[in-house]
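Subject: Structure handover

Hello,

Here is the structure for you to take over. My notes on what was found in it follow below.

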Amino acid sequence: MINENIAHSRVINLYDVTGVTPLAGIQDYTEGIYNKDPSLDHDVAQKNQHNYLLDEIGAHKGFRLLDVGCGLGTLLKTAAEREVIGKGITISQDQANKCRIKGLDVELYNYRKLPEEWKGKFDGIIANGSLEHFCQPEDALQGKQNEVYREMFQIFSNLLDPQSQHQKLATTTIHFSQNHIDPQKFLRHPFLQLFNEVGFHAAILNRGYGGYYPIKGQLEECATDHFILEKEIDGTQDYMLTSDYWCNQYNKALFHNKKFIKELTKHFIKKPFHTLWTTMSFVGCESWPWQFRGNNPPTRLFRHTWQKI
């Protein structure tokens, strides 16, 4: 696998920059569940998704949950309302700080470097959009994408209590719609691919977000030794609606919210290029929602429920 500092810097930069999004009314970084109702309130859709994931792993009072890549802690907050014992991990110090201010149990860890004593301590695990960052285009170029996912499933399996009646994992993950997109397109500069739509957007997404996606069935293949796939739900339409909401909120804040503009300007000064790519993904070329638009979008979002073997 590539030097973790490369992956870490991309993802940490992303969540440092998106730390301003609550000022634009964006608290979650994954899709909501709209139940085919585009007019549904965004916050309700997000709560629907949190409850869906918690239901899928059987989370109830006293249930021990690990939220891998917990973001700003919105899912953990919903879990706490059920009296679930929730613990979150993130590699973003800014996110960890914001979660702790909310009274949530969140620690600064890479999922690959968790304490040994955490093994066998959880009833269920949720990775809500986080595993999209686990593999990088450089890994794909080296033919190591499956290695990343196999290790991930092994780590998650070891974290689950073998005596628990649940032992489930729920994931939400963006997938390439058909074949893998050439990882070189992600690594080339966007402006060198102006006339290649896929390459242009892929390069912006890699610079702004970091990560490389699986294709349908790839995760199931890599999970074979540790988990059985119980359920697969296509949530692409939900992610398109969520992404459009993000773009609308970002655009409104960029031109009308003085506090948002002030904080974003600070990021442009500290991390000009990363802030530029992240902003471009929501404003102008809108590379982020581009992924989910059209009758045959470049990517699809799948919600998966896994049972430990």
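Lys98 and Asp94 both sit in helix H4, four residues apart, or about one turn of the helix. Please keep in mind that this is a predicted model. The two side chains form a salt bridge, with an N to O distance of 3.1 Å.

**Other salt bridges**

The structure holds 19 salt bridges. One of them joins the side chains of Arg64 and Asp161 at 2.9 Å, N to O. Arg64 belongs to strand E1 (residues 64-68) and Asp161 to the loop between helix H6 (145-159) and E5, so this pair ties together parts that are 97 residues apart in sequence. Arg64 is partly exposed at 27% relative accessibility, whereas Asp161 is buried at 13%.

Asp105 and Lys87 also meet through their side chains, at 3.0 Å, N to O. Asp105 is in the loop between helix H4 (93-101) and strand E3 (106-108), and Lys87 is in strand E2 (residues 85-90), so parts 18 residues apart in sequence are tied together. Asp105 is partly exposed, at a relative accessible area of 38%; Lys87 is buried, at 15%. Glu31, Asp238 and Arg303 are linked in a network of salt bridges.

**Strand E7**

Strand E7 covers residues 299-308, and eight of its ten residues are buried. Strand E5 (residues 168-176) runs antiparallel to E7 and is joined to it by nine bridges, with His175 opposite Arg300. Strand E6 (residues 227-234) pairs with E7 over seven bridges, also in the antiparallel sense. Here Leu229 has Trp306 in E7 as its bridge partner.

**Nonpolar cores**

The largest nonpolar core has 61 residues, and those with the most contacts inside it include Phe153, Phe156 and Trp288. A second, separate core of 19 residues includes Cys70, Ala79, Leu104 and Ala170. Beyond its neighbours within four places in sequence, Phe153 is in contact with residues including Leu169, Phe227 and Trp306.

**Helix H2**

Helix H2 (residues 42-56) has 15 residues and reaches 21 Å from first C-alpha to last, close to the 21 Å expected. At its start, a side-chain oxygen of Asp41 comes within 3.0 Å of the backbone nitrogen of Asp43. Among the buried residues of H2 are His42, Tyr52 and Glu56. Gly58 follows the helix, with a positive phi near 75°.

Regards

Key:
Residues numbered from 1 in each chain as written. Predicted model: local features only at pLDDT ≥ 70, side-chain atom pairs only at ≥ 80, totals over all residues. Heavy atoms only, no water. Helix = DSSP H or I, 4+ residues; strand = E, 2+ residues; numbered from the N terminus. Expected span 1.5 Å × (residues − 1). Buried < 20%, exposed > 50% of the residue type's maximum accessible area, 1.4 Å probe, protein only. Polar contact = N/O pair within 3.5 Å; in protein donor to acceptor, adjacent residues only side chain to side chain. Pairing = 2+ DSSP bridges. Core = buried A, V, L, I, M, F, W, Y, C linked by side-chain atoms within 4.5 Å. Contact = heavy atoms within 4.5 Å. Salt bridge = Lys/Arg side-chain N within 4 Å of Asp/Glu carboxyl O.
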